[in-house]
Amino acid sequence: MATLIIPTPLRKFTEGESIYTASASNVKELLVALYTSHDGIKKHLFDDEGELRSFIRVYLGDEDINELEGVNTKLEDRDEVSIIPAIAGGSK
Amino acid sequence: MNNQFLPLNVAESAMTEMRSHGEDAFPNECCGFFYGEETDSERIVTLAKRIENVKEGDQRRRFEISGKDYLAAERFAAREGLSLLGIYHSHPVHPAIPSEHDLAVAMPWFSYIIVSVEPTGVDHVRSWQLTPDREFAEERIVESK
């Protein structure tokens, strides 16, 4: 089973739980398992084309999956995956 | 003022830290996280922590927090038994009103505190939260000792 760390702002969709676990062979499968079992969270992760939203990053351990194989990054038992919202902004 | 959100009760020490950071970073934007707990009646901010603004280029109108720093913030909250309640940043010589850039990447549930800073010091501080319609609405700040 892989472990997915839910960021605080999305825990209202997971009944307050910070950790979700599921069997998944890659990152995409893990994310799909999450949104299939938790209503309302999908639109915060994926856009209408099914692509990961630009302001959502996913880390495997301490590594950005964009530096690995993206959502196709393979997972092994006990891997820890984190959903990380991009935090940015500014006045103008 | 919108009252669909709980009041944000900010400890004096946390407010002082956010205001000081805004002044120290001036004329650039500062940023950081704040932590505490949420009860049935209020959000209580007990701690603010400065984070490096990693935005490349002109930081007078932009800020960015790295993914690694975000991950560390979540781990810190879990370790300390606190909730990561939101993000603060400063608007140098600009009102504490969220911009389109702030809105574009905003997450639900988080509180977004903005510190407006003038050359003479902090002018005002306001806090905002995303509505279900993906608009910002203001939440009331209560300062406590």
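Author: Two strands count as paired if DSSP finds at least two bridges between them. That applies here to a predicted model.

Reader: Which residue stands opposite B:H89?

Author: Strands of a sheet pair through backbone hydrogen bonds, either parallel or antiparallel. In this model, B:I114 in β6(B) is the residue opposite B:H89. The two strands concerned, β5 (residues 83–92) and β6 (residues 111–118) of chain B, pair in the parallel sense over 7 bridges.

Reader: In what order do the strands of the open sheet in chain B run?

Author: The order is β8-β7-β6-β5-β2-β3-β1-β9, which makes 8 strands with mixed pairing. On average, neighbouring strands are turned by 35° against each other, direction ignored.

Reader: Which strands of chain B does helix α1 lie across?

Author: Helix α1 (residues 12–25) of chain B lies across β1, β2, β3, β5, β6, β7 and β9 of chain B, and runs at about 30° to β3(B). Helix α2 (residues 67–80) of chain B also packs on the sheet, where it touches β2, β3 and β5 of chain B. The direction of α2 makes about 135° with that of β5(B).

Reader: How many residues of chain B are in contact with chain A?

Author: 26 residues of chain B contact 21 residues of chain A. On the chain B side, α2(B) gives the most, with 6 residues. That side divides into 12 nonpolar, 7 polar and 7 charged residues.

Reader: In which sense do β6 of chain A and β4(B) pair?

Author: Strand β6 (residues 87–89) of chain A and β4(B) pair in the antiparallel sense, over 3 bridges. There, A:G89 stands opposite B:F63.

Definitions and conventions
Residues numbered from 1 in each chain as written. Chains lettered and ligands numbered in written order. Predicted model: local features only at pLDDT ≥ 70, side-chain atom pairs only at ≥ 80, totals over all residues. Helix = DSSP H or I, 4+ residues; strand = E, 2+ residues; numbered from the N terminus. Axes fitted to C-alpha atoms, helices over the stretch in contact; angles between N-to-C directions. Contact = placed C-beta atoms within 7 Å. Nonpolar A, V, L, I, M, F, W, Y, C, P; charged D, E, K, R; others polar.
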